[in-house]
Amino acid sequence: MYNEEQYDAFAKEMEEAYPKMFADQYGGFCVGPGWWPILKSLCANIQSHIDWNNETRERLLKDNPHGHKIPKKIKQVHVRQIKEKFGGLRFYYDGGDEQVFGMVRMAESWAAHSCEECGKPGELRGGGWVKTLCDEHAAEREARYEKMAREDGLEL
């Protein structure tokens, strides 16, 4: 689990590193810290792809002595929402192209096999809220549920 200070530091880091992607209101990062490296990698790759493509396009429009194919302009990605849903990463955005779509699907797949709490290998776990967790964090969650049940006088 993370605290508010850690979350704020991560959000600030992302907003400063990718100001074009997080220029609009986006709803925050509603995922655990185990998935933060996935989001860093995803955003870095998306922005690099867009910048490289669009800069190459502009250069070729100005000077293209060898007749290279001029790429289509890629609309800037604007993040709308990042959250966990049914134990998986959801990354909603506007803009991009097919490669960005593929990058997002890859990140969502990566998260589906990574503990949302620590980033270690994980798997989908039920028991209330569905989450992707490693064995250690799944056991901690189960222990918390059992403790709450005992405190509420429920039979397990």
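These legends go with a set of close-up views of the model.

This is a predicted model, in which local features need pLDDT of at least 70, side-chain atom pairs count only at pLDDT 80 or more, and totals for chains, interfaces and linings use all residues. Residues are numbered from 1 along each chain as its sequence is written, and side-chain values use heavy atoms, with hydrogens and water left out.

**View 1. The sheet: three strands in the order 1-2-3.** The sheet is open, has three strands and shows mixed pairing. Strand 1 and strand 3 are the edge strands, each pairing on one side only. Strands here are DSSP runs of E with at least two residues, helices are runs of H or I with at least four, and both are numbered from the N terminus. Two strands count as paired if DSSP finds at least two bridges between them. Strand 1 (29-30) runs parallel to strand 2, with two bridges.

View 2. Strand 2 covers residues 75-85 and strand 3 covers residues 88-96. Their pairing is antiparallel and takes in eight bridges. Two residues sit between the strands, and F86 takes a positive phi near 55 degrees.

**View 3. R80 and D94, a salt bridge across strands.** The two side chains meet at 2.6 Å, N to O. A salt bridge here means a side-chain nitrogen of Lys or Arg within 4 Å of a carboxyl oxygen of Asp or Glu. R80 belongs to strand 2 and D94 to strand 3, so the pair ties together parts that are 14 residues apart in sequence. How accessible is R80, in relative terms? R80 comes out at 32% and counts as partly exposed, and D94, at 34%, is also partly exposed. For these labels, buried means under 20% relative accessible area, exposed means over 50%, and partly exposed is in between (1.4 Å probe, protein chains only). Salt bridges that share partners also bring in D24, joining D24, R80 and D94 into one network.

**View 4. K20 and D51, a loop held to a helix.** The structure holds ten salt bridges, and this one joins the side chains of K20 and D51 at 3.2 Å, N to O. K20 lies in the loop between helix 1 (4-17) and strand 1, while D51 is in helix 2 (residues 36-62), so the pair ties together parts that are 31 residues apart in sequence. K20 is partly exposed, at 43% relative accessible area; D51 is partly exposed too, at 23%.

**View 5. D135 and R125, an exposed partner and a buried one.** The closest N and O atoms of this salt bridge are 2.6 Å apart. D135 is in helix 4 (residues 135-151) and R125 in strand 4 (residues 123-125), so the pair ties together parts that are ten residues apart in sequence. Which end is buried and which is exposed? D135 is exposed, at 58% relative accessible area, whereas R125 is buried, at 18%.

**View 6. Helix 2 packed on helix 3.** The axes of helix 2 and helix 3 (residues 98-111) come within 10 Å and cross at roughly 170 degrees. Axes are lines fitted to C-alpha atoms, for helices over the stretch in contact, and angles run from 0 to 180 degrees between N-to-C directions. The two helices are therefore roughly antiparallel; angles over 145 degrees get that label, those under 35 are roughly parallel, 65 to 115 roughly perpendicular and the rest oblique. In helix 2, the residues making the contact include I38, L42 and I46, and in helix 3 they include V100, M103 and W110. Contact means heavy atoms within 4.5 Å. By class, there are nine nonpolar, four polar and no charged residues. (Ala, Val, Leu, Ile, Met, Phe, Trp, Tyr, Cys and Pro count as nonpolar, Asp, Glu, Lys and Arg as charged, and the others, Gly among them, as polar.)

View 7. E108 sits in helix 3 and is buried, with a relative accessible area of 16%. Not counting residues up to four places away in sequence, E108 touches L89, R90 and F91. A112 is in the loop between helix 3 and strand 4 and is partly exposed at 33%. Leaving aside neighbours within four places, A112 is in contact with G122 and T132.
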